[in-house]
Amino acid sequence: MAESGSKLYLGLDFSTQQIKATIIDDSLELLLGDFDTSVSFDDLRQYNTSGGVIRHEDGRTVTAPTIMWVEALDILLNKLKSLNFPFEKVAGISSSGQQHGSVYWRKGSEEVLKSLEPSQTLASQLQSVFSIPQSPIWMDSSTTEQCKQLEQQCGGSLVVAKKTGSRAYERFTGNQIAKLNIVDTVNLRDTERISLVSSFGVTLFAGNYAPIDYSDGSGMNLLDIQSKNWWQEALDVCCPNLKDLLGEPVPSNTVVGNISDYYVKKYGFSPDCKIVAGTGDNPSSLAGMTLQEGDVEVSLGTSDTVFLWITEADPQLMGHVFVNPVDSLAFMALLCYKNGSLTRQRIRDQCSNGDWTEFEQLLASTNPGNGGCIGFYYDDPEITPPVVGVHRFSSDDTPVDSFTPETEVRAVVEGQFLAKYIHACSLGYRITPSSRILATGGAAENKQILQILANVFNACVYTGVTTSSASLGAAYRAKHALMEPGTSFETIGQLARSVYPYSLGVEPQRDVHEKVYQPMAERVESLLAQLPTFQ
Ligand SMILES: Nc1ncnc2c1ncn2[C@@H]1O[C@H](COP(=O)(O)OP(=O)(O)O)[C@@H](O)[C@H]1O
Ligand SMILES: O=C(CO)[C@@H](O)[C@H](O)COP(=O)(O)O
């Protein structure tokens, strides 16, 4: 619990399914329990989301109502108010957000942001400021044509990858903007600024347009990750005057200004409270877990991601390289899987009565290797590999239509982690028996899932003080940005790890890795290569 005089730092995360707040004090202690709070988007029933998103009939387009995120923030701040949260002690705020999603501000919106009336809610005042009311989000896979065009016009997939950190991906913001430039030209022309979800969160607090940071900006196919400037050739392919719509990108630790007067008057924040640039939820989670070079982080939130700190960028045709959120001279490498928690959740609902404990019991009732059964569950079109549908195989690689519930439950988890392991190894991610895997996100609560992760990767799995590491990272980053200029983020890292050392979640069963998962990985690689892709 915070010392009574301590300054506080508020970290927010606008993730796929909810908005979360994490608060720390000057010694990095969390105000857990007292003020740890979240608002689930599906609870705002009028927006009709499922898992925070709207899947469109074409099976490819996925959006979220932008105003829903604003209303969720109203609710979250009111929750804190009802808990008598000492707003006046907050010295810094930053935000993280689901990556790649974009927000479109109608011409004249900044004036509205600057003159918000404290007697009213944000949502009531920002109802009509979004020129495109449905934000395209990271689960979207409707922009294959725009991706092809970007790669064709900018020198090919490898050139785009080397320049921007990733080949053209459907969910990346540049391709989403290029699609809107065709299907929603009129409203795009009525737009004065485009934010990422992270910079949108910060904009709401700053009361004027917050810049996009280098790290989240790397998820757009538009930023040159070496020079940290927008890549004009890519901007030109996606949309006219795009540079003006995006504003200049900035280092992730930039203080963008003081809090807007609205929050001072409505909630009692100090007018001196500083607002710090936002970043993507995975970069923010790197900060929240105080990841170091050599560690591998596995985030099991809505998406599953695997990422690590790298010093040199060498982007390939698979996976992504982002500018590092806590050291702009370094990078982070990342693999993302769309079918993560929601797919496990679907199997849980079908096989274990919607109960995670029962899901764990079923996992414990079967043996590693699942008697040779392998399954790939791509309810949504997957990113790596670009495959859709459910594909099950018996021990002699024959396709089968169904498994028993206990086999199904193990198959989904083993299939997911073996695919990650194969992809990570093929990209040269350094995973040795002494590597440390840092697990986070909602599913990191599940010991049986973590055991399979440890066995597949043959490494110890550690967890942090909270699975909400993205909002924790936002709070750490807010604190860091207000320290003496030039202070390394590792100063925060060392203090954080001394206050909250990692917990050893599970140790790998080395013989299971060697005898079961190594041979199984080869089978999985060959089966995955045979699945029909949708591109
Ligand atoms: N005990 C559990 N076992 C497995 N998965 C879990 C468990 N508890 C929560 N989850 C999963 O965690 C997911 C939410 O994780 P979270 O990190 O909060 O997501 P996000 O930040 O993307 O909104 C849920 O979709 C749920 O399936
Ligand atoms: O697309 C990516 C990363 O490239 C996703 O990881 C999103 O950033 C969504 O994050 P979660 O809500 O699952 O944390």
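**Walking through the model**

Mentor: Let's start with Glu-88, which counts as partly exposed because it has 13 C-beta neighbours inside 10 Å. The rule is that a residue is buried if 20 or more other C-beta atoms lie within 10 Å of its own, exposed if 12 or fewer, and partly exposed in between, with C-beta atoms placed from the backbone. Keep in mind that this is a predicted model, where local features need pLDDT of at least 70, side-chain atom pairs count only at pLDDT 80 or more, and totals for chains, interfaces and linings use all residues. Residues are numbered from 1 along each chain as its sequence is written, while chains are lettered from A and ligands numbered from 1 in the order in which they are written.

Trainee: Okay, and where is Glu-88 placed?

Mentor: Glu-88 is in the loop between helix 1 (66-82) and strand 6 (90-97). Helices (H or I, at least four residues) and strands (E, at least two) are DSSP runs, numbered from the N terminus.

Trainee: Which residues is Glu-88 in contact with?

Mentor: Setting aside neighbours within four places in sequence, Glu-88 is in contact with Gly-268, Phe-269 and Ser-270. Two residues are in contact if their C-beta atoms, placed from the backbone, lie within 7 Å.

Trainee: Switching to Asp-355: buried or exposed?

Mentor: Asp-355 counts as exposed, because it has 12 C-beta neighbours inside 10 Å. You'll find Asp-355 in the loop between helix 14 and helix 15 (356-364). Asp-355 and Gln-345 are ten residues apart in sequence, and their C-alpha atoms are 9.1 Å apart in space.

Trainee: What about the backbone at His-100, what is its phi?

Mentor: Phi of His-100 is near 75°, a positive value in a residue other than glycine. His-100 lies in the loop between strand 6 and strand 7 (102-106). With 26 other C-beta atoms within 10 Å, His-100 is buried.

Mentor: Asn-458 also has a positive phi, of about 55°, although it is not a glycine. Asn-458 sits in the loop between helix 17 and strand 21 (460-463), and Asn-458 counts as buried because it has 21 C-beta neighbours inside 10 Å.

Trainee: And which residues does the cis peptide bond join?

Mentor: Thr-384 and Pro-385, with omega about -5°. Pro-385 is in the loop between strand 17 (374-378) and strand 18 (389-393).

Trainee: Now the domains. What is the protein divided into?

Mentor: Domain 1 (8-282), domain 2 (285-331 + 435-506) and domain 3 (341-426 + 510-530). Those bounds come from an automatic or database domain assignment. The centres of domain 2 and domain 3, taken over C-alpha atoms, are separated by 25 Å.

Trainee: How many residues of domain 2 are in contact with domain 3?

Mentor: 18 residues of domain 2 are in contact with 22 residues of domain 3. On the domain 2 side, helix 17 gives the most, with eight residues. By class, that side has nine nonpolar, seven polar and two charged residues. Here Ala, Val, Leu, Ile, Met, Phe, Trp, Tyr, Cys and Pro count as nonpolar, Asp, Glu, Lys and Arg as charged, and the others, Gly among them, as polar.

Trainee: On to ligand 2, how many residues surround it?

Mentor: 16 residues surround ligand 2, and the closest are Thr-16, Gln-99, Gly-301, Thr-302 and Ser-303. A residue is near a molecule or strand if its C-beta atom, placed from the backbone, lies within 6 Å of it. The shell around ligand 2 has two nonpolar, twelve polar and two charged residues.

Trainee: Why does ligand 2 lie between domain 1 and domain 2?

Mentor: Because domain 1 and domain 2 both give residues to the shell around ligand 2.

Trainee: And which residues are closest to ligand 1?

Mentor: Ser-15, Gly-301, Thr-302, Gly-442 and Asn-446, out of the 18 residues that surround ligand 1. Helix 14 (residues 341-351) gives the largest share of the ligand 1 shell, four residues.

Trainee: Last topic: how many bridges join strand 15 to strand 16?

Mentor: Four bridges, and strand 15 and strand 16 (residues 331-337) run antiparallel. Two strands pair if DSSP finds at least two bridges between them. Opposite His-320 stands Leu-334 in strand 16. His-320 and Phe-322 point one way from strand 15 (residues 320-323), Val-321 and Val-323 point the other way, and all are buried.
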